[in-house]
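Please look over the sequence and the model below before reading on. The report is written for someone meeting this structure for the first time.

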Amino acid sequence: MSRVPNKIEVRPLSLWTGAEIHGVDLREPLAADVIAEIRAALLKWKVVFFRGQHLDHADQIRFGRHFGELTIGHPVFGYVEGYPELYSVAKDRFKARFNGEPLVRPWTGWHTDITAAVNPPAASILRGVTVPHYGGDTEWTNLVEAYNGLSPTLRSFLDGLRAIHRFTPPEGRSAKQEFIKKIDDTPLVSEHPLVRVHPETGERALFISPGFIKQIVGLSPRESEHLLALLFEHVLRTEYVVRFKWEPGSIAFWDNRATAHRAPTDINKTDFDRQLYRITLVGDVPVGPDGQSSKAIQGNPVLAHQIAG
């Protein structure tokens, strides 16, 4: 546990991933040194959590702007009416959009936000509003430590590879009629390095997003399938993962350049309601260890929402 006098308290939750931050009211204006301490904690622990922060939509947006420009709520599914930066993470959002049951594998549901875009969000901030008494936990994995946990030989091989990321319905499901046009009119396909260099820390991270990544460039389909399965299983090792139990007023703030996460599925088996709201920060174009940047195959970069006036 680390303590910054008269500022904030950072309480790590595991050896490598996740920390709770105490001693700050996110409804209030934040001093520059407090913002710097929160950013430093985020870069070190990859995801940070706040408790008892009963923010409204405007508060959440104002807090996010301390750390960068905000994107539109979601490049395909839009935003909350009146708040273009805000995306509703509701319990039944997938049921409302897609038909069929997903093909479930150990890594099903794990993803890094919007990696089908050429510049995925730098970070995401999720606010819990309606939270069940139990169930509905979210998990994050540390993709820097997952990279470090591979053998030097495999790291060297992966450093030169690239992969295709595409926005499509979850495997085994299809878009409902009212969402087919949205998906077709907003295609997102990008080629990214399989390992990205973090633009602030210089760390190397596996750029692994099971929900979006489809094929490793230059490998046969069978080779790609097996290598991706190995990597997907590796990043889910328990030592890299933190599990967060939500409460009303909880905030999760994660580095989208160094983590993947999974929303809960257990909540869909209950009558409990669950409502959270997410904002995302504009990201840069990933760069691999070889200095080569990502490239867009279809679709435009995710841009900042422009404030009118």
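## Basis of the report

This is a predicted model, in which local features need pLDDT of at least 70 and side-chain atom pairs count only at pLDDT 80 or more, while totals for chains, interfaces and linings use all residues. Residues are numbered from 1 along each chain as its sequence is written, and side-chain values use heavy atoms, with hydrogens and water left out.

## The chain as a whole

The protein chain holds 7 helices and 20 strands, where helices (H or I, at least four residues) and strands (E, at least two) are DSSP runs numbered from the N terminus. Of its 309 residues, 52% are buried; buried means under 20% relative accessible area, exposed over 50%, and partly exposed in between, with a 1.4 Å probe and protein chains only.

The chain exposes about 14100 Å², and carbon and sulfur atoms supply 52% of that area, as computed by the Shrake-Rupley method with a 1.4 Å probe, only the protein chains shown counting as cover for residues. Among contacts (heavy atoms within 4.5 Å) with a separation of 6 or more, residues 24 or more positions apart account for 82%.

## Helix 7

Helix 7, residues 221-235, has 15 residues and reaches 21 Å from its first C-alpha to its last, close to the 21 Å expected at 1.5 Å a residue; the expected span is 1.5 Å times one less than the number of residues. Its buried residues are Ser224, Leu227, Leu228, Leu231, Phe232, His234 and Val235. Seen down the axis of helix 7, these buried residues fall within an arc of 160 degrees, so they line one face of the helix, the arc being that of the directions from the helix axis to the C-beta atoms.

The buried residues of helix 7 pack against several elements, including helix 4 (143-148), helix 5 (152-158), strand 9 (138-142) and strand 16 (241-244).

## Two open sheets

Strands count as paired if DSSP finds at least two bridges between them. Strand 12 (residues 189-193) pairs with strand 20 in the antiparallel sense over 3 bridges, and Glu191 stands opposite Lys295 in strand 20.

An open sheet of 4 strands has the order 7-18-9-16, and its pairing is antiparallel; here strand 7 (110-111) and strand 16 are the edge strands. Strand 7 and strand 18 (residues 259-262) pair over 2 bridges in the antiparallel sense, and the bridge partner of Trp110 is Arg262 in strand 18.

## A hairpin

Strand 2 (residues 9-12) and strand 3 (residues 19-22) run antiparallel and are joined by 4 bridges, with Arg11 standing opposite Glu20 in strand 3. The hairpin of these strands has 6 residues between them, and Gly18 takes a positive phi near 90 degrees.

## Gly136

Gly136 lies in the loop between strand 8 (123-130) and strand 9, and is buried, with a relative accessible area of 2%. Leaving aside neighbours within four places in sequence, Gly136 is in contact with Trp246, Pro264, Asp266, Ile267 and Arg274. Gly136 and Phe244 are 108 residues apart in sequence, yet 9.1 Å apart in space, C-alpha to C-alpha.
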